[in-house]
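Dear colleague,

Please find the structure below, together with its sequence. A summary of the findings follows it.

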Amino acid sequence: MIKKPQYPSFYFVELASINIGGYVLPVPPSVFTSKGTLLDSGTTLTYIPTQAYNLLRDRFKFTMKGNKPAPPFQELDTCYDFSGQSAIFIPGVSFKFSDGAVFKLDFFGIMMFPDAAQPAYGCLAFAAVDDDISIIGNTQQRSAEVIYNVVSEKIGFVPFSC
């Protein structure tokens, strides 16, 4: 847990890398740590610097080649039409923090289905942010219990406890 004086009521973490399907994005940790990474349950999506997002999106598209692309939905630019499919297979995504802790996202931490009228329309639940703090949003947090140990300045993730 990192406290920033300019944001006294928020908790930050030191995101070091993102792994997608066993592939660590070739992004230096400073891309995430220079501005900070906010853990925010009040933000829906996860926003990461454009450099990291472009690599994540491109790797995701590479692994999803057999699926039918769909038009973007608002700021979600990597979407698919899964209609007619009995199962959806996506690459795993995890966050690695500077202390070595790893937070593996579940299916609904990676994909979101934003349009109730089109339940087979799914999008990668990440977006790019330019020159600002990164945010790990509630879509990625909802499959885990997030524990804030303010005294020890630690944040923990207990997967699949919610």
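A disulfide is taken here as a pair of cysteine sulfur atoms within 2.5 Å. By that criterion, a search of the whole structure finds one disulfide. Please note that this is a predicted model, in which local features need pLDDT of at least 70 and side-chain atom pairs count only at pLDDT 80 or more, whereas totals for chains, interfaces and linings use all residues. Residues are numbered from 1 along each chain as its sequence is written, and side-chain values use heavy atoms, with hydrogens and water left out.

The disulfide joins Cys79 to Cys123, with an S to S distance of 2.1 Å. The link is right-handed, with 105° about the S-S bond. Because Cys79 belongs to strand S8 and Cys123 to strand S12, the pair ties together parts that are 44 residues apart in sequence. Helices (H or I, at least four residues) and strands (E, at least two) are DSSP runs, numbered from the N terminus. Both cysteines, Cys79 and Cys123, are buried (under 20% relative accessible area; exposed is over 50% and partly exposed in between, with a 1.4 Å probe and protein chains only).

These two strands belong to an open sheet of four strands in the order S7-S8-S12-S11, with antiparallel pairing; two strands pair if DSSP finds at least two bridges between them. The edge strands, S7 (68–70) and S11 (111–112), each pair on one side only. Between S7 and S8 (residues 79–81) there are three bridges in the antiparallel sense, and Pro69 has Tyr80 in S8 as its bridge partner.

The search of the whole structure also finds three salt bridges, a salt bridge being a side-chain nitrogen of Lys or Arg within 4 Å of a carboxyl oxygen of Asp or Glu. One of them connects Asp81 and Lys68 at 3.6 Å, N to O. Since Asp81 lies in strand S8 and Lys68 in strand S7, this pair ties together parts that are 13 residues apart in sequence. Asp81 is partly exposed at 21% relative accessible area, while Lys68 is exposed at 52%.

Arg57 takes part in the other pairs: with Asp58, the closest N and O atoms are 3.0 Å apart, and with Asp77 the N to O distance is 3.8 Å. The latter pair links distant parts of the chain, with Asp77 in the loop between S7 and S8 and Arg57 in helix H2, 20 residues apart. Arg57 counts as buried at 17% relative accessibility, whereas Asp58 is partly exposed at 41% and Asp77 is partly exposed at 31%. Through shared partners, Arg57, Asp58 and Asp77 form one network of salt bridges.

Kind regards
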